[in-house]
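Here is a quick walk through one hairpin and the charged side chains around it. Have the model open as you read.

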Amino acid sequence: SVLSVPALADEDCRAPMSTWQPRSAVAAKAESLGMRVRRIRTDDGCYKVYGQDEQGRCIEAEFDPETLELLELEI
């Protein structure tokens with residue numbers, strides 16, 4: 001996995017890694033939203049989830065690592 005130092009841009013997450021929830025919690029959150037998780041990685045201090053939605057379309061979702069708030073969803 002790749003760790004990055006957050007830059008000062010609005011789309012970056014700034015939570016310190018000590019407050020991050022585990023990847024298993026991110027996967028559970030994504031699955032609760034109807035996503036089939038294929039891969040989880042970190043990007044700009046956020047969790048990025050790659051997978052499919054309920055219709056089988058490829059999705060890319062970005063979550064805050066501390067609150068697990070869905071920040072962005074691309075289909």
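Strands here are DSSP runs of E with at least two residues, and helices are runs of H or I with at least four, all numbered from the N terminus. Two strands count as paired if DSSP finds at least two bridges between them. Keep in mind that this is a predicted model, where local features need pLDDT of at least 70, side-chain atom pairs count only at pLDDT 80 or more, and totals for chains, interfaces and linings use all residues. Residues are numbered from 1 along each chain as its sequence is written, and side-chain values use heavy atoms, with hydrogens and water left out.

**The hairpin**

Start with strand 3 (residues 58-63) and strand 4 (residues 70-74): they run antiparallel and are joined by four bridges. Together they make a hairpin with six residues between the strands. In that turn, leucine 68 has a positive phi of about 65 degrees.

**The salt bridges**

Side chains of opposite charge can pair when their charged atoms come close. For a salt bridge, the cut-off is a side-chain nitrogen of Lys or Arg within 4 Å of a carboxyl oxygen of Asp or Glu. The structure holds four of these, including the ones below.

| Pair | N to O distance |
|---|---|
| lysine 48 and glutamate 60 | 3.7 Å |
| glutamate 62 and lysine 48 | 3.5 Å |
| aspartate 53 and arginine 57 | 2.7 Å |

Lysine 48 turns up in two of those rows, pairing with glutamate 60 and with glutamate 62. Lysine 48 sits in strand 2 (residues 46-52), with glutamate 60 twelve residues away in strand 3. Glutamate 62, also in strand 3, is 14 residues from lysine 48.

**Buried or out in the open?**

Buried means under 20% relative accessible area, exposed means over 50%, and partly exposed is in between (1.4 Å probe, protein chains only). Lysine 48 is buried at 11%, and glutamate 62 is buried at 8%. Glutamate 60, at 24%, counts as partly exposed. As for the aspartate 53 and arginine 57 pair, aspartate 53 is buried at 10%, while arginine 57 is partly exposed at 41%.
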